[in-house]
Amino acid sequence: MLKLKDIFNYMDFFSLKNSSNKPIFNRRLTTACFSGPRYSKLQALNVDETKISLSLKNIIINSISDGYKTFLVGCCDGFDILAAEAVLNLKTLYPDLQLVCVVPFKNHYEKFNDSWQKRYFNMLRFCDKKIILQKYHTPKCYQRRNEYMANRSSLLICCFNNKKGGTKNMVEYCKNLDIQVENILDYN
């Protein structure tokens with residue numbers, strides 16, 4: 001039987017298990033994650049930020065109607081923060097939504113410009129849960145973050161232009177796990 005002290009000591013609410021080591025509930029079926037370019041690469045796509053935000057809002061609303069309630073975001077400047085802001089804005093209409101910020105390493109925001117840092121800290125302030133995966137940057141920390149999110153999701157909402165990079169790796173990883181992939185660029 002799961003003891004109360006185990007609940008408070010357990011960091012990862014996606015994997016709570018009972019004494020027979022079986023999941024108490026499967027949050028993966030109602031969890032989606034996001035992947036897309038950082039701000040500098042997002043600008044190169046020549047897609048207006050307002051249009052991206054509107055596409056995100058529409059896809060998130062559709063996923064809510066399909067039963068999704070928890071949204072994992074990787075916390076980088078650009079698409080990740082836009083996705084988090086879309087979820088936070090929709091919480092007024094859907095108060096049971098949860099935004100989980102999966103931070104790849106403790107101070108990864110330090111290279112963001114001032115505007116994106118402000119938005120980053122605002123996102124962290126209003127999210128439902130923060131998970132910091134490691135203290136320091138390592139060569140595979142972003143891949144580790146992506147796999148963490150994908151392994152806990154059944155839907156990936158992305159902004160993917162078929163170019164190599166982190167988003168391409170995430171899309172391929174999700175497809176190998178039979179995770180549904182929704183690309184906002186398919187709707188623009």
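1. The protein's secondary structure comprises 7 helices and 6 strands, where helices (H or I, at least four residues) and strands (E, at least two) are DSSP runs numbered from the N terminus. Read from the N terminus, the order of elements is α-β-α-α-β-α-β-α-β-α-β-α-β.

2. This is a predicted model, in which local features need pLDDT of at least 70 and side-chain atom pairs count only at pLDDT 80 or more, while totals for chains, interfaces and linings use all residues. Residues are numbered from 1 along each chain as its sequence is written, and side-chain values use heavy atoms, with hydrogens and water left out.

3. Of the 188 residues in the protein, 45% are buried (buried means under 20% relative accessible area, exposed over 50%, partly exposed in between; 1.4 Å probe, protein chains only). Among contacts (heavy atoms within 4.5 Å) between residues at least 6 apart in sequence, 78% join residues at least 24 apart.

4. The protein exposes about 10,700 Å², of which carbon and sulfur atoms supply 50%; accessible areas come from the Shrake-Rupley method with a 1.4 Å probe, and for residues only the protein chains shown count as cover.

5. Most residues other than glycine have a negative phi. Asn-162, although not a glycine, has a positive phi of about 65°. Asn-162 is in the loop between strand S5 (155-158) and helix H7 (166-176), and it counts as exposed because its relative accessibility is 62%.

6. Asp-178 is likewise not a glycine and has a positive phi of about 60°. Asp-178 lies in the loop between H7 and strand S6 (180-183), and its relative accessible area of 72% makes it exposed.
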